[in-house]
Structures are given as structure tokens and as C-alpha cells.
Amino acid sequence: MSSLANNYGSALYSLALSENLTERIYNELTDLEGVFAKEPKYLKLLSAANVVKDERLKLVDDCLGGKVHPYVLNFMKLLAEKSLATHYSDCVKAYRERYYFDNGIMPVTAVTAVPLSDSQSKRLSEKIAPISGKKIILQNKVDPSCLGGVKLSYDSKQIDGTVSHRLKEVSELLKQDASATT
């Protein structure tokens with residue numbers, strides 16, 4: 001994440017915090033992030049130097065005016081005005097990091113061979129929460145190569161309980177034993 005995105009996202013968070021609006025702004029930023037992921041050309045358009053600044057601002061007003069909190073609208077206008085809209089996701093990441101920290105939230109990625117059911121996701125989150133002391137936001141990624149089990153990633157840590165990892169460990173042990181006996 002660039003320092004520019006960190007500065008912009010943190011500044012918006014500080015403003016939202018001062019007005020007790022952090023959750024509302026977070027939800028709106030996240031919703032917009034999903035929309036922009038489906039329409040990435042929109043952010044490129046808002047950052048295009050060959051599009052006149054007033055036209056970029058009008059595009060933001062036409063798209064978001066009256067649909068989002070004025071802070072979010074003005075934030076988007078600021079990014080469009082400075083041709084920085086392509087940095088939107090990084091700005092949201094900076095905002096999200098501060099929001100998660102202040103609210104005791106920890107994102108966790110669970111890699112499994114097949115998708116977790118809602119009840120499995122809930123049970124896994126409930127098991128991790130007391131250990132971490134934080135509210136868990138669980139994201140499930142599917143990787144058939146792990147064969148079974150689960151690999152958890154959080155706070156730059158990994159716990160690998162997959163079948164493929166265990167088979168790899170057994171294979172390494174067998175190789176060590178074979179080389180020790182020769």
C-alpha cells in the first residue's frame with residue numbers, strides 16, 4: 001500500500017471517528033469496493049488525465065450523489081479531482097486496517113479443499129475467537145490440492161492442518177529415515 005493511500009484512508013478514518021461514523025463509512029466504502037471490482041473501468045475513467053476535472057467530478061456526483069454519506073461522496077470527489085481514483089482499494093485497505101484494529105476484528109483466511117458451509121464457517125470462527133480475543137471475519141478460499149483439512153492464515157501467521165501438508169511432513173520424515181539408514 002502506498003503512503004498516499006495510507007494517508008488518504010487514515011484521514012478519512014480520523015474524520016469518521018471524530019463524528020462516530022466509522023461503521024457507516026466502512027460499510028459504504030466496502031460496498032463501493034465491490035461495485036468498483038465489477039466495473040474497474042469506472043475508476044480508470046475517474047483517474048484519466050484526458051478527462052476534464054469538472055467532468056470527473058460530475059461523474060462522481062451523478063453516480064453517488066444522494067446514495068452515500070457526504071464524507072464518502074467528497075472522498076471520491078477528492079480522488080477524482082486529483083486523478084487518484086485508481087488508488088481507491090488501497091485507501092479502503094488503510095481505512096479497514098484502522099477500523100479492524102479499533103474494533104477488535106481479525107480477518108482470517110481458511111483454505112479448504114471444498115467450500116465451507118455456513119455452519120462450518122460459524123463454528124470455525126467461534127473456535128478462533130476465544131483464542132485470539134477478537135471478532136473473526138472468516139474468508140474461505142478453495143484449493144482442491146490441499147485434499148482435506150484446513151489451512152488458516154491470520155496476522156502474518158499460518159496454521160496448516162491440511163492433508164497435503166501432513167503427507168508432505170510424512171514424506172520428509174521417510175526421506176530422513178532413508179538417508180540415515182544408508
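Is serine 83 buried, exposed or partly exposed? Serine 83 is partly exposed, with a relative accessible area of 24%. Here, buried means under 20% relative accessible area, exposed means over 50%, and partly exposed lies in between (1.4 Å probe, protein chains only).

Before moving on, note the ground rules. This is a predicted model, in which local features need pLDDT of at least 70, side-chain atom pairs count only at pLDDT 80 or more, and totals for chains, interfaces and linings use all residues. Residues are numbered from 1 along each chain as its sequence is written, and side-chain values use heavy atoms, with hydrogens and water left out.

**Stop 1: the loop at serine 83.** Select the loop between helix H5 (70-81) and helix H6 (88-102); serine 83 is there. Helices (H or I, at least four residues) and strands (E, at least two) are DSSP runs, numbered from the N terminus. Check the phi of serine 83: it is near 55°, a positive value in a residue other than glycine.

**Stop 2: helix H5.** Step back to H5, which has 12 residues. From first C-alpha to last it reaches 16 Å, close to the 16 Å expected at 1.5 Å a residue. The expected span is 1.5 Å times one less than the number of residues. Now color Val72, Leu73, Phe75, Met76, Leu79 and Ala80, the buried residues of H5. Look down the axis: these buried residues fall within an arc of 160°, so they line one face of the helix. The arc is that of the directions from the helix axis to the C-beta atoms. Show the neighbours next: the buried residues of H5 pack against H1, H2, helix H3 (40-47), helix H4 (53-64) and H6. Contact means heavy atoms within 4.5 Å.

**Stop 3: asparagine 20.** Go to the loop between helix H1 (3-18) and helix H2 (22-38), where asparagine 20 lies. Its phi is positive, about 60°, although asparagine 20 is not a glycine. Asparagine 20 is exposed, with a relative accessible area of 72%.

**Stop 4: the sheet.** Select the open sheet of 4 strands, in the order S2-S1-S3-S4, with mixed pairing. Strand S2 (135-142) and strand S4 (157-160) stand at the edges with a single partner strand each, so one side of each has no neighbour in the sheet. Two strands pair if DSSP finds at least two bridges between them. Strand S1 (residues 105-112) and strand S3 (residues 150-154) pair in the antiparallel sense over 4 bridges. Zoom in on valine 111: it stands opposite lysine 151 in S3.
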